[in-house]
Amino acid sequence: MKLLVIDDEVKLAEYLRKGLTEEGFVVDLAHNGVDGLHLAMESDYELIVLDGMLPGIDGLGLLAALRQSKQTPVLMLTARVRVEDRVRGLQSGADDYLVKPFAFSELLARIQVLLRRARPARATDGATVLGLADLEIDLIRRKAVRAGRRLELTAQEFGLLALFVRRQGEVLSRTEIAEQVWDMNFDSATNVIDVAIRRLRNKLDAPFERTLLHTVRGMGYVLESRDE
């Protein structure tokens, strides 16, 4: 599930990307209103986290421009604590409002609520429930089931599986996996990716007859259903 974070506080934006990626989201960043509006208009995001005070175009201006053509859920962040400011943001089209500083757990909870709320408004096209063979993964409820059996995954394992399911059939290199799931540059001297893959396989494939997660020697890993 793809999110956009627009915030000119670089450290905060990177912190949010890291935390949300660990929760299984794919996150794009923008640090000013111009770039943020461009990304918001050109790509389809499930939700946008928007700072109220931005260079170029401020949060309210960006929101007004976005609402002319898109109804993407928006969670606004602000350092302003006055009730009038929050009311103005909501009246301008924000779906929720969070005052800085905030706890990441509260931000995550608000994002999950907004995604659940927005889901009935979208066509039930399976965009948030993906599957392959007897595997089904619910990106909002953060639940994975295979052959009717719930997979007990850690947040990191769920994020890794979500990446594979979204990109099923594509060979993903260790470098790309490290960037997408751990938000880090892959160091070939470490085996963190291989260890994580092995743990995921123990839950995803080991208890079942058919293997879904395959190694492509010299290239990486791919999630696909093969006739074996």
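## Terms and overview

Helices, of at least four residues, and strands, of at least two, are DSSP runs numbered from the N terminus. By that count, this predicted model holds eight helices and 11 strands.

The protein has 228 residues, and 45% of them are buried. Its accessible surface comes to about 11,500 Å². Carbon and sulfur atoms account for 48% of that surface. Among contacts with a separation of 6 or more, 55% join residues 24 or more positions apart.

## A cis peptide bond

Most peptide bonds are trans. The bond from Lys100 to Pro101 is cis. Its omega is near -10 degrees.

Where does Pro101 sit? Pro101 lies in the loop between strand 5 (96-99) and helix 5 (104-118).

## Two alanines with positive phi

Most residues other than glycine have a negative phi. Ala133 has a positive phi of about 55 degrees. Ala147 also has a positive phi, of about 55 degrees.

For Ala133, the loop runs between strand 6 (129-132) and strand 7 (135-138).

## Exposure of Ala133

Is Ala133 buried or exposed? Ala133 has a relative accessible area of 51%. Exposed means over 50%, so Ala133 counts as exposed.

Key: Residues numbered from 1 in each chain as written. Predicted model: local features only at pLDDT ≥ 70, side-chain atom pairs only at ≥ 80, totals over all residues. Heavy atoms only, no water. Buried < 20%, exposed > 50% of the residue type's maximum accessible area, 1.4 Å probe, protein only. Contact = heavy atoms within 4.5 Å. Areas by Shrake-Rupley, 256 points an atom, 1.4 Å probe, with all protein chains shown as cover.
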